[in-house]
Amino acid sequence: KLDMKGNNIRGTASEALGRMLKQNTTLLSLCVEWNGLGMLDTSFGVFCEGLGGNSSLQVLDLRNNQITHEGATELSAALKRNTALKSLDLRWNNIGLIGGRHLVHALETNKTLVRLDLAGNNVPNDVLKAIDTAVAHNADRANLEMDHHSRQRMLSQEIHEMKHSRATEL
């Protein structure tokens with residue numbers, strides 16, 4: 001878990017975070033709230049590139065980072081490739097209609113994101129509803145998958161116990 005809240009991170013520091021995310025396989029949660037990651041689109045693009053290639057990060061807090069619709073477009077491209085992230089907080093940026101639509105399209109591909117906060121982004125209600133629906137479907141899918149694995153473990157255990165019981169009877 002890494003908390004870098006309020007450190008005025010932007011530009012090359014944002015790029016360094018992106019390169020770190022691309023290589024890191026142990027970080028589960030990253031908070032970069034109250035920074036300036038979205039101030040320079042090219043630097044935020046490098047950050048998003050790293051996020052897209054990351055396979056461990058599950059929680060990302062990007063609140064108050066001056067992310068615009070251009071940044072949301074980069075972030076959406078990363079979400080299409082990322083298969084680990086479960087929670088993304090984008091509150092109080094400036095994503096708007098265009099950025100919201102890109103996030104909707106990313107959620108057509110991304111099936112792991114089960115929480116996405118977008119309050120204070122000037123995203124219209126119809127787009128927010130589409131995002132909420134997609135995220136709810138992902139959450140339902142995750143719950144079904146967890147239930148399936150739980151039942152599969154239980155059945156495997158019962159089969160193992162039956163085999164052991166038969167072996168001791170013989």
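## The largest pocket

In this predicted model, the largest pocket has a volume of about 260 Å³. The residues that line the largest pocket are Thr83, Ala84, Lys86, Lys111, Thr112, Val114, Asn138, Arg141, Ala142, Asn143, Glu145 and Met146. Sorted by class, this lining is made up of four nonpolar, four polar and four charged residues.

A pair of aromatic rings is described by the distance of the centres and the angle of the planes. The count for this model comes to one aromatic pair. The pair is formed by Phe44 and Phe47, whose ring centres lie 5.7 Å apart and whose planes stand at 15 degrees, and because planes under 30 degrees apart count as stacked, the pair is given that description.

Both residues belong to helix H2, which covers residues 41–53, and since they are three residues apart there, Phe44 and Phe47 are separated by about one helical turn. Phe44 has a relative accessibility of 0% and therefore counts as buried, and Phe47, with a relative accessibility of 0%, likewise counts as buried.

## His164 in helix H5

His164 is found in helix H5, which runs over residues 125–169. With a relative accessible area of 52%, His164 is exposed, because the term applies to values over 50%.

The position of His164 can also be described relative to Val32: the two residues are 132 residues apart in sequence, and their C-alpha atoms are 52 Å apart in space.

Terms used. Residues are numbered from 1 along each chain as its sequence is written. This is a predicted model: local features need pLDDT of at least 70, side-chain atom pairs count only at pLDDT 80 or more; totals for chains, interfaces and linings use all residues. Side-chain values use heavy atoms; hydrogens and water are left out. On a 1 Å grid over the protein atoms alone, a cavity is a set of points where a 1.4 Å probe fits but cannot get out, and a pocket is an open set with protein on both sides within 12 Å along at least five of seven lines; lining residues have an atom within 4 Å of a point. Grid points are joined across faces, edges and corners, and a volume is the space filled by probe spheres set on the points. Ala, Val, Leu, Ile, Met, Phe, Trp, Tyr, Cys and Pro count as nonpolar, Asp, Glu, Lys and Arg as charged, and the others, Gly among them, as polar. Helices (H or I, at least four residues) and strands (E, at least two) are DSSP runs, numbered from the N terminus. Buried means under 20% relative accessible area, exposed over 50%, partly exposed in between (1.4 Å probe, protein chains only). Rings of Phe, Tyr and Trp (its six-membered ring) pair if their centres lie within 6.5 Å; planes under 30 degrees apart count as stacked, over 60 as edge-to-face and the rest as tilted.
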